[in-house]
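Hi everyone, thanks for making time this morning. I'd like to walk you through one structure, so please have a look at it with me.

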Amino acid sequence: QVQLVESGGGLVQAGGSLRLSCAASGRNINVLSMGWFRQSSGKEREFVSAISWSGGSPDFSDSVKGRFTVSRENAKNTVYLYLQMNSLKPEDTAVYYCAASDNLPPGIPGTTAVEYDYWGQGTQVIVSS
């Protein structure tokens, strides 16, 4: 099993920045591909960004490309995933979820929710206009 714990959400004005963090622990953390998804009220969960366990270029949705960056840090027993969100817009308001998979091949940052087996509890981001 893998445990994911997110933090860093909050309320910010449009144009501002927030940094989300996700800590992954448990088994197979060295082969965890990890990603961020978000879900706003009345909408389906959508892909935001992901990075493969083997490194390489991360992937981003078109709606956040150029504004968000993602990075990961591998520690001894924990993998940390960060989402730096800049130039935030009201439409970025959502619950953001960290996701992980230990089944993705190297170099493939999964971009669909079905590719992920583990999910965090979510952290709320509200961007006011």
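Predicted model: local features only at pLDDT ≥ 70, side-chain atom pairs only at ≥ 80, totals over all residues.

Four strands make up an open sheet, running in the order β1-β3-β8-β7 with antiparallel pairing. At the edges sit β1, residues 2-7, and β7, residues 68-74, each of which pairs on one side only. On average, neighbouring strands here are turned by 15 degrees against each other, ignoring direction. If you zoom in on β1 and β3, where β3 covers residues 18-26, you'll find six bridges in the antiparallel sense. As one example, L4 has A24 in β3 as its bridge partner.

Now for the rings. How many aromatic pairs are there? The count comes to five. One of them is F37 with Y116, edge-to-face, at 5.4 Å centre to centre and 75 degrees between the planes. This pair links distant parts of the chain: F37 lies in strand β4, Y116 in the loop between β9 and β10, and they are 79 residues apart. Both F37 and Y116 are buried.

Y116 also pairs with W119: the centres are 6.3 Å apart and the planes stand at 65 degrees, over the 60 that is needed, so this pair is edge-to-face too. Ring pairs join F37, F47, Y116 and W119 into a cluster.

Finally, the arginines. The charged end of R19 sits over the ring of Y82, 4.0 Å from its centre. R45 has its charged end over the ring of Y97, at 3.8 Å from the ring centre.

Terms used. Residues numbered from 1 in each chain as written. Heavy atoms only, no water. Pairing = 2+ DSSP bridges. Helix = DSSP H or I, 4+ residues; strand = E, 2+ residues; numbered from the N terminus. Axes fitted to C-alpha atoms, helices over the stretch in contact; angles between N-to-C directions. Phe/Tyr/Trp six-rings, centres within 6.5 Å; stacked < 30°, edge-to-face > 60°. Buried < 20%, exposed > 50% of the residue type's maximum accessible area, 1.4 Å probe, protein only. Lys NZ or Arg CZ within 6 Å of the ring centre and 35° of its normal.
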